Amino acid sequence: MSTSTTASVSTHILDTSVGRPAAGVAVQLSARSGRDADWKALGGSATDADGRCKDLPDLPEGTTHVRLDFAVEAYFERTAESAKKQADAQQDAPANRDSGTGVFFPEVAITFAVVPGEHYHVPLLLNPFGYSVYRGS
């Protein structure tokens, strides 16, 4: 919970290529107390079935910058294998042929500034070849 001396962070991921939440993505939260300060890893979580991380650690007092590191490579490898199995079952050869050879973005790092007393919800809209992020509510 946010207080007058700290900020709080939440996030979720939507896989826009399938129109569903991205479950099981590891997320690491780091913070620093100024642009010249060292990053301090605060802990992490993984997205739930709804694509949300509900248990990210609290930010320490004095935090001015936050970084969320999303480990998306394992997620895309899992979903690619699932899509291949589905395509094989449906005999959909183009889905197999056009699926690509690997993950283009193996990780996504988002860095943003925070002020005390504010809550920052940072949704990640993700697909195998791009992503978008914004400050949500």
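Tutor: The protein chain has two helices and nine strands. Helices (H or I, at least four residues) and strands (E, at least two) are DSSP runs, numbered from the N terminus. Along the sequence they follow the pattern β-β-β-β-β-β-α-α-β-β-β. The model is predicted, so local features need pLDDT of at least 70, side-chain atom pairs count only at pLDDT 80 or more, and totals for chains, interfaces and linings use all residues. Residues are numbered from 1 along each chain as its sequence is written, and side-chain values use heavy atoms, with hydrogens and water left out.

Two strands pair if DSSP finds at least two bridges between them.

Strand 3 and strand 4 run antiparallel and are joined by six bridges. The loop between strand 3 and strand 4 holds Asp38. Asp38 has a relative accessible area of 70%, so it counts as exposed. The cut-offs are under 20% for buried, over 50% for exposed, and partly exposed in between (1.4 Å probe, protein chains only). Asp38 still touches Ala31 and Arg32, not counting residues up to four places away in sequence. Contact here means heavy atoms within 4.5 Å.

His65 has Ala113 as its bridge partner in strand 7. In a regular strand the side chains alternate between the two faces of the sheet. Strand 7 shows this: Val108, Ile110 and Phe112 point to one face and are buried.

Next, the packing. The largest nonpolar core has 26 residues. Such a core is a set of buried Ala, Val, Leu, Ile, Met, Phe, Trp, Tyr and Cys residues joined through side-chain atoms within 4.5 Å. Val9, Leu29, Leu59, Leu68, Phe70 and Phe112 touch the most other members. At least two residues each come from strand 1, strand 3 (26-32), strand 6 (65-71), helix 1 (73-89), strand 7 (108-113) and strand 8. Strand 8 gives the most, with four residues. Beyond its neighbours within four places in sequence, Leu59 contacts Thr6, Ala7, Ser8, Val9, Leu29, Ala31, Leu42 and Val66.

Strand 8 has pairings of its own. Strand 8 (residues 119-127) runs parallel to strand 1 (residues 8-15), with eight bridges between them. Ser8 stands opposite His119 there. Strand 8 also pairs with strand 9 (residues 130-133), antiparallel, over four bridges. These two form a hairpin with two residues between them. Leu124 faces Val133 across this pairing.

Last, the whole chain. Of its 137 residues, 33% count as buried. Among contacts between residues at least 6 apart in sequence, 67% join residues at least 24 apart.
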